[in-house]
Amino acid sequence: MGIGWIEAAILGFIQGLTEFLPISSSAHLRIAGEFLGTGEDPGAAFTAIIQIGTELAVLVYFWSDIMRIALAWLRHHLRLGGQYDPADVRLGWMIIVGSIPIVLLGLLFKDAIEHSLRNLYITAVMLIVFGIILGFADRIGKKKYPIKKLIWRDAIIFGFAQAMALIPGVSRSGGTITAGLLLGYTREAAARYSFLLAVPAVFGSGFYQLFKSIGQQNPVGWGQTALATLISFVVGYAVIVVFLKLVSTKSYMPFVWYRIVIGVALLGLLFTGVINPI
């Protein structure tokens, strides 16, 4: 039984709701596929494509920031003239450098990412383990550095933290925010850089999977995939607005406990044979 329109809409909603929260959207999509009456894993390709919707939400929300950084970078390196902030040129390079690890590891471990790493036992363990690490980071982090204090070493660490999200259950935003907190950045700075850093990685992965799928049979269906992508954009934008307003003052502990509860519940379902790990 394939994924129909209603199931696709639900998956799009889940993607938009969970992409920017530190709870792993890929894990939720992977788990949801087991409970939508399809009994199927939506697949790494479907997940990557509908993430384009949430990254479009990032483009819309951060449009002025992205254009300011991009124009500053181009004006500096192409000698175009005009006023710009050197800090924006530097941040542009930080985003480029921070994107390298996920590209390299994504290519090196492509087969594992699309198959073996989607085992639900791995997903459950990652939800719990990285939830605990997030709680630890939120508790001990100094939370004093703004995004303009980002240095090369930290950009690379952020990049490897983002690359860990290739494993369902880690969370792209959760990994990068955890790294940022451990490095002493404020919650807002860690979240903002996490969102900006995700743009090239997610668009690259999403369009790669999209172009690779052209001319092939899409197991989900192109109409359903488009619907899920549209819904993920709308919901994702709303989540960004709310999340960034809360993140500067609120603890991440509710997300930590949520991850642990979901991870433990998932292990229980796997051990009792209610769902299959693959």
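**Exercise 1.** Does Leu-36 count as buried or exposed?

*Solution.* The model is predicted: local features need pLDDT of at least 70, side-chain atom pairs count only at pLDDT 80 or more, and totals for chains, interfaces and linings use all residues. Residues are numbered from 1 along each chain as its sequence is written, and side-chain values use heavy atoms, without hydrogens or water.

- Take the cut-offs: buried is under 20% relative accessible area, exposed is over 50%, and partly exposed lies in between (1.4 Å probe, protein chains only).
- Leu-36 has 18% relative accessibility, so Leu-36 counts as buried.

**Exercise 2.** Which residues line the second largest cavity?

*Solution.* 
- On a 1 Å grid over the protein atoms alone, a cavity is a set of points where a 1.4 Å probe fits but cannot get out; lining residues have an atom within 4 Å of a point.
- The lining consists of Glu-19, Phe-20, Glu-55, Arg-172, Ser-173, Ser-194, Phe-195 and Ala-198.
- Helix 9 (172–182) and helix 10 (187–213) are the elements giving two or more residues to this lining. Helix 10 has the largest share, three residues.

Terms used:
On a 1 Å grid over the protein atoms alone, a cavity is a set of points where a 1.4 Å probe fits but cannot get out, and a pocket is an open set with protein on both sides within 12 Å along at least five of seven lines; lining residues have an atom within 4 Å of a point. Helices (H or I, at least four residues) and strands (E, at least two) are DSSP runs, numbered from the N terminus.
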